[in-house]
Amino acid sequence: MARDFDGDGDFDIAAISFFADYDNTPEEGFVYLENKGNLQFSPSTFKEVTLGRWMVMDVNDWDQDGDQDIVLGSLIHGPSKVSDAVKNVWVERGPVFVVLENTSKKK
């Protein structure tokens, strides 16, 4: 999803991958790409990204504070092979959805 998440006038990108390499780079299941200008992007993610297998994403001002928040939905079952260790984390601690509250307008 391309939106101006940080309010600086250019589009940033929020991306999910249902088929990330969960055993080696699970943090790539969700990546936020902040546009620093001239299409130079700075990637980041969030700490709990490894707790889910993100299949759906929506963007809206969920907390009605004037900026765009992100909601991710997880589906832990799927056709790709994933190690038992990763599956156990998803089953034991994984949320069904997570709200990534945008705090760029907070003071």
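Colleague: Which strands each supply at least two residues of the lining of the largest pocket?

Modeller: This is a predicted model, and its largest pocket has a volume of about 260 Å³. The lining is made by 15 residues, and those that lie nearest the centre are Tyr32, Ile70, Leu100, Glu101 and Asn102. The strands that each give at least two residues to this lining are S3 (30-35) and S6, the latter spanning 69-74.

Colleague: How do the residues of that lining divide into nonpolar, polar and charged?

Modeller: Among the residues nearest the centre of the pocket are Tyr32, Ile70 and Leu100, together with Glu101 and Asn102. Over the whole lining, the division is six nonpolar, six polar and three charged.

Colleague: Which side chains meet in a salt bridge, and is each partner buried, partly exposed or exposed?

Modeller: The count for this model comes to one salt bridge, in which the side chains of Glu34 and Lys36 meet at 3.5 Å, N to O. Glu34 has 22% relative accessibility and therefore counts as partly exposed. Lys36, at 55% relative accessibility, lies over the 50% cut-off, so the pair is Glu34, partly exposed, and Lys36, exposed.

Colleague: What is the phi of Leu39, and where in the chain does Leu39 lie?

Modeller: Most residues other than glycine have a negative phi. Leu39, which is not glycine, has a positive value, and its relative accessible area of 64% makes it exposed. Its place is in the loop between S3 and strand S4 (41-44), and its phi is near 60 degrees.

Colleague: Which residues make the nonpolar surface patch of about 440 Å²?

Modeller: The patch is made by Trp62, Val96, Phe97 and Val99.

Colleague: What pattern does the chain follow along the sequence?

Modeller: The chain holds 107 residues, of which 32% count as buried. Its elements are one helix and seven strands, and read along the sequence they follow β-β-β-β-β-β-α-β.

Note on methods. Residues are numbered from 1 along each chain as its sequence is written. This is a predicted model: local features need pLDDT of at least 70, side-chain atom pairs count only at pLDDT 80 or more; totals for chains, interfaces and linings use all residues. Side-chain values use heavy atoms; hydrogens and water are left out. Patches are made of residues with over 30% relative accessible area and no salt bridge: like charges are joined within 9 Å, nonpolar side chains (Val, Leu, Ile, Met, Phe, Trp, Tyr) within 5 Å. Accessible areas come from the Shrake-Rupley method with a 1.4 Å probe; for residues, only the protein chains shown count as cover. A salt bridge is a side-chain nitrogen of Lys or Arg within 4 Å of a carboxyl oxygen of Asp or Glu. Helices (H or I, at least four residues) and strands (E, at least two) are DSSP runs, numbered from the N terminus. On a 1 Å grid over the protein atoms alone, a cavity is a set of points where a 1.4 Å probe fits but cannot get out, and a pocket is an open set with protein on both sides within 12 Å along at least five of seven lines; lining residues have an atom within 4 Å of a point. Grid points are joined across faces, edges and corners, and a volume is the space filled by probe spheres set on the points. Ala, Val, Leu, Ile, Met, Phe, Trp, Tyr, Cys and Pro count as nonpolar, Asp, Glu, Lys and Arg as charged, and the others, Gly among them, as polar. Buried means under 20% relative accessible area, exposed over 50%, partly exposed in between (1.4 Å probe, protein chains only).
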